[in-house]
Amino acid sequence: MLASLAWRNLWRQKTRTIISMISMGFASLLLVFMLSLQIGSYDTMKTGTLRLQDGFAQVQPPGYADDPDISNLIEDPAPIIAELKAVEGIAEAAPRAGTFVILANGETSYGAAVLGIAPESEVNVSTLGAALGQGRYLEPGDTDAIYLGETLARNLGLAVGDRVSLLGSGADRSVAADSLEIVGLFRTGVPQIDRQLAQMPLDRFQETFALQGEVNVIALSGKRLADVNRALPELRRIAAAHGLVVRDWAELQPALKQAIALDVSTSAAIYLSLVAVVTFIILNTLYMSVLERTREFGILLALGMKPGAIGRMMWLELILLAALGCASGVALGAPLVLWFQQHGIPVPGMENIMAQFGLPSRIYPSLDPISASAGPLAILASVALGGLVPCLRIRRLHPVSAMRAA
Amino acid sequence: MCPERAGTRNRIARGQPEGALRERSPLVSCRGLIKTYVQGAIEVPALRGVDLDLARGDFATLAGPSGSGKTTLLNMIGGLDRPSAGDVVLDGRNLATLGKAELAELRLHRIGFVFQSYNLIPVLSALENVEFILRLQGIAPRERRQRALEALADVGLEGLEGRRPAHLSGGQQQRVAVARALVGRPAIVLADEPTANLDTRNAEELIELMAALNARLGTTFLMGTHDARVIARAQRHIELTDGRISSDETRPAG
């Protein structure tokens with residue numbers, strides 16, 4: 001009975017109800033869109049950054065993160081790779097070995113990080129091959145080949161087809177030296193990578209740096225970062241069985257994690273302010289309604305309706321109003337977000353900055369259950385909670401004084 | 001000591017069944033009723049010691065000049081307000097001993113109200129307004145609908161059940177209010193200026209209607225009114241002056 005009465009009461013003041021609904025609907029729509037945009041941009045940032053180099057997670061020897069030394073090794077990686085690739089959500093497991101070397105061209109030399117990679121699996125983990133500026137990416141079967149950052153090559157005064165000398169120390173602390181032909185140059189837009197990174201075939205790397213088939217890390221990828229995150233417990237179990245550890249995206253990119261956390265906290269303040277403003281507007285409307293209907297409440301009390309029931313009826317009116325407003329916001333916001341999720345939102349003039357972080361020039365919002373519901377639910381909860389105060393005040397009404405109210 | 005109260009005590013002493021005693025005891029008994037409103041530092045006496053008994057089936061009017069205490073007395077009897085001193089016993093229950101929720105229950109089941117300005121729920125149809133009381137009483141839907149339809153038929157509103165108050169005339173709205181007051185089968189109907197907002201024809205029709213329902217159902221009516229037509233139709237007329245009963249006359253029925 002209360003629900004049906006509350007529903008009808010809601011439409012006594014149609015204009016006021018519709019205005020209240022619009023304000024809550026607009027706020028809900030805004031929150032759905034902003035949260036989706038935020039989550040989408042985080043996904044883009046994480047995916048872009050991780051795909052460029054690290055992969056979505058890595059299996060490493062314990063302590064490798066603090067001491068990324070070439071002698072910190074995964075022995076016999078092949079069976080581990082096979083196990084990892086069998087885990088649901090894992091699309092690829094790419095073996096890598098890496099160290100720091102001096103790259104030289106005659107008298108000119110620069111320090112660089114060189115990675116030994118298996119091109120056939122690396123292309124499924126890293127987008128570095130797609131950042132090709134000149135020449136070609138490494139291919140399976142390559143032996144005498146190196147793929148350099150464009151800036152590094154320019155600094156060395158080298159181009160595609162030239163040879164570059166490489167000098168470092170092997171896993172056995174012996175001097176490791178080699179000379180390789182530059183087959184391609186990459187341009188990621190990230191200055192640090194473009195001037196300090198090189199990739200070479202894993203077999204050649206192992207030969208040059210005195211490795212016996214060992215690698216330093218196994219980089220993992222999946223269709224989406226979330227798939228790999230879901231697989232983490234199983235990955236950790238497998239890694240532990242081999243005396244290894246798994247580092248997730250946040251451990252691989254702690255700065256990115258901190259940047260996101262900072263952005264979440266600042267944007268949360270904005271969202272909470274928006275929710276608070278809408279709540280106050282709605283509660284103000286509720287207070288007006290309670291004042292206007294005090295006499296009516298007095299009559300209901302006189303007829304024998306209990307004060308608590310009248311309070312519950314008012315609260316139900318408020319909940320229905322808030323639910324309608326929020327639902328309309330989601331109903332309008334979700335298709336809008338889905339459209340932009342497909343087409344992206346261009347960020348004019350930001351292309352270069354975005355590229356520096358390995359990001360596309362468009363931002364793609366991401367509609368998920370959280371982005372679709374968190375904002376509207378926050379409004380609903382806030383209004384429901386705030387509405388308890390005037391509704392509880394109704395319980396204190398005295399029939400005679402209420403009936404005397406204008 | 002009032003004779004009725006003394007008589008009741010004697011009958012209890014002789015061991016008569018309580019139900020029978022209740023039937024014979026007055027439906028409403030007010031003793032030493034005082035109500036003083038405090039407005040800041042000023043005390044405004046509204047009732048100055050009212051003793052009143054209403055028997056079951058009374059069709060009584062309560063009249064008096066403005067400020068004489070009619071509405072205050074109706075509110076006290078209806079359990080809407082509490083006296084500053086004195087007791088109201090309704091249907092054997094001393095209202096002073098009842099809490100807020102118990103008073104609400106008592107109003108719901110034993111008292112019907114008719115107000116000057118009808119006070120129907122605007123979002124409900126005539127039928128739903130009448131059903132509302134039965135819903136509060138927890139009556140099953142089928143019985144509720146049947147009783148509400150009968151109550152509306154009793155007040156001559158067949159065919160208008162689906163109309164909302166805004167689409168009914170003042171007279172029709174007050175009839176719905178009477179049906180609402182009676183549908184819960186109360187012991188007493190308290191009506192405060194029930195004809196004040198009605199034109200002559202509607203007022204006369206309403207008076208006849210209430211008198212007929214009183215005669216047929218035996219429900220007690222106490223009406224606060226200035227309307228001479230209502231007073232003339234009543235079997236009992238109580239006059240209040242300055243918060244005291246200045247006259248109380250009973251006329252032969254008819």
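Guide: In chain B of this predicted model, residues 24 or more positions apart account for 68% of the contacts with a separation of 6 or more, a contact being a pair of heavy atoms within 4.5 Å. Residues are numbered from 1 along each chain as its sequence is written, while chains are lettered from A and ligands numbered from 1 in the order in which they are written. Because the model is predicted, local features need pLDDT of at least 70 and side-chain atom pairs count only at pLDDT 80 or more, whereas totals for chains, interfaces and linings use all residues; side-chain values use heavy atoms, with hydrogens and water left out.

Chain B has nine helices and ten strands, where helices (H or I, at least four residues) and strands (E, at least two) are DSSP runs numbered from the N terminus. Of its 254 residues, 53% count as buried, that is, under 20% relative accessible area with a 1.4 Å probe and protein chains only, against over 50% for exposed and the range in between for partly exposed.

The packing can be taken up next. Apart from neighbours within four places in sequence, Leu222(B) is in contact with Leu54(B), Ala60(B), Thr61(B), Leu62(B), Leu74(B), Ile77(B), Ile188(B), Val189(B), Leu190(B), Ala191(B) and Ile238(B).

Beyond residues up to four places away in sequence, Gly311(A) touches Cys391(A) and Ile394(A).

Grid points are joined across faces, edges and corners, and a volume is the space filled by probe spheres set on the points. By this rule there is one cavity of 30 Å³ or more, and the volume of the largest cavity is about 80 Å³. Its lining comprises 13 residues, with Ile111(B), Gly112(B), Ile133(B), Arg180(B) and Ala181(B) lying nearest the centre. Two or more lining residues come from each of α11 (294-303) of chain A and α4 (100-110), β6 (111-114), α5 (126-137) and α7 (170-183) of chain B. The largest share, three residues, is that of β6(B), and the lining as a whole divides into eight nonpolar, three polar and two charged residues; here Ala, Val, Leu, Ile, Met, Phe, Trp, Tyr, Cys and Pro count as nonpolar, Asp, Glu, Lys and Arg as charged, and the others, Gly among them, as polar.

Helix α4(B) has Leu103(B), Ala104(B), Leu106(B), Arg107(B) and Leu108(B) as its buried residues, and their cover includes α11 and α15 (399-404) of chain A together with β5 (93-94), β6 and α5 of chain B. In the loop between β6 and α5 of chain B sits Tyr118(B), which is buried, with a relative accessible area of 11%. Sequence neighbours within four places aside, Tyr118(B) is in contact with Gly170(B), Gln173(B), Gln174(B), Ala177(B), Arg180(B), Asn197(B) and Leu198(B); with Gln173(B), 55 residues apart in sequence, the C-alpha to C-alpha distance is 6.2 Å.

The open spaces complete the account. The largest pocket has a volume of about 1200 Å³ and a lining of 37 residues, of which Gln53(A), Asp54(A), Gln192(A), Leu252(A) and Gln253(A) lie nearest its centre. This lining draws at least three residues from each of domain 1 (2-50 + 256-404) and domain 2 (57-221) of chain A, bounds that come from an automatic or database domain assignment, and it divides into 21 nonpolar, twelve polar and four charged residues.

Notes:
1 Å grid on protein atoms, 1.4 Å probe; cavity = no way out; pocket = protein on both sides within 12 Å on 5 of 7 lines; lining within 4 Å.
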